[in-house]
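Work through the following exercises with the sequence and the model side by side.

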Amino acid sequence: MAKPERHSPALSPELLRRAFGAFPSGVTAIAGLVDGAPVGLAASSFTSVSLDPPLVSVCVARTSTTWPVLRTAPRIGVSVLADGHADIARAMAAKDGDRFADLDWHADEQGAVHVEGSGLWLHCSIEAELPAGDHDIVLLAVEQLEIFSDVRPLIFHASTFRRLDI
């Protein structure tokens, strides 16, 4: 067994990012219509929270300039991005430019925006926002969902996109 690197007590943001990157996760696009235009961001810090009531969470950096706009959307769409969506994830995470240019997306009647070709679409409303260090934990109430079970997910691990071998 490999000997672990030990780091304490100097837990820098760079070291923590590397450590947290050891946990593979899916990648989501969080998006909604605001004044008729799509607004969204990418998030890998997404998880299920509760079955009853149906809740999920996403963590958003307090420095985000997108979240203050997106949180005003009447409905929030969560798309679990698919293998092959790495360029979409990069576009949704970009600091500037049109994140939805050349993106195939769909909005429901309430304004939740979803990325075509994703493995799961959740139609959500904001339940609560909880401060958590340099991020906010956003609890989303799931009101409707659409599962595309034959779609392989995009995986983010060690700061790079990977494929899930099934």
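A residue is called buried under 20% relative accessible area, exposed over 50%, and partly exposed in between, with a 1.4 Å probe and protein chains only as cover. This is a predicted model, in which local features need pLDDT of at least 70 and side-chain atom pairs count only at pLDDT 80 or more, while totals for chains, interfaces and linings use all residues. Residues are numbered from 1 along each chain as its sequence is written, and side-chain values use heavy atoms, with hydrogens and water left out.

**Exercise 1. Describe the overall build of the protein.**

Step 1. Begin with the secondary structure, for which helices (H or I, at least four residues) and strands (E, at least two) are DSSP runs numbered from the N terminus; the protein has three helices and 12 strands.

Step 2. Turn to overall size: the radius of gyration, taken over C-alpha atoms, is set against a globule rule of 2.2 Å times the number of residues to the power 0.38. The value is 16 Å, close to the 15 Å that the rule gives for 166 residues, so the protein is as compact as a globular protein of that length.

Step 3. Buried residues make up 37% of the 166 residues.

**Exercise 2. Locate the nonpolar cores and follow two of their residues.**

Step 1. A nonpolar core is a set of buried Ala, Val, Leu, Ile, Met, Phe, Trp, Tyr and Cys residues joined through side-chain atoms within 4.5 Å. The largest one has 20 residues, and those with the most contacts inside it are Ile30, Leu41, Val58, Leu70, Leu122 and Leu140.

Step 2. Elements giving two or more residues to this core include the strands β2 (28-34), β3 (37-43), β9 (120-132) and β10 (135-147), together with the helix α2 (67-70). A second, separate core of 13 residues includes Ala31, Ala86, Met92 and Phe100.

Step 3. Follow Leu70, whose contacts beyond its neighbours within four places in sequence are Ile30, Ala31, Gly32, Val34, Val39, Gly40, Leu41 and Ile76.

Step 4. Compare this with Ala31, which is found in strand β2 and counts as buried at 2% relative accessibility. Leaving aside neighbours within four places in sequence, Ala31 has contacts that include Leu70, Phe100, Ala112 and Val113.

Step 5. As background, nonpolar side chains in soluble globular proteins tend to be buried together.

**Exercise 3. Is Arg17 buried or exposed, and how many Å separate it from Asp104, C-alpha to C-alpha?**

Step 1. Arg17 is found in helix α1 (residues 13-20) and is exposed, with a relative accessible area of 58%.

Step 2. Arg17 and Asp104 are 87 residues apart in sequence, and their C-alpha atoms are 31 Å apart in space.

Methods. Contact means heavy atoms within 4.5 Å.
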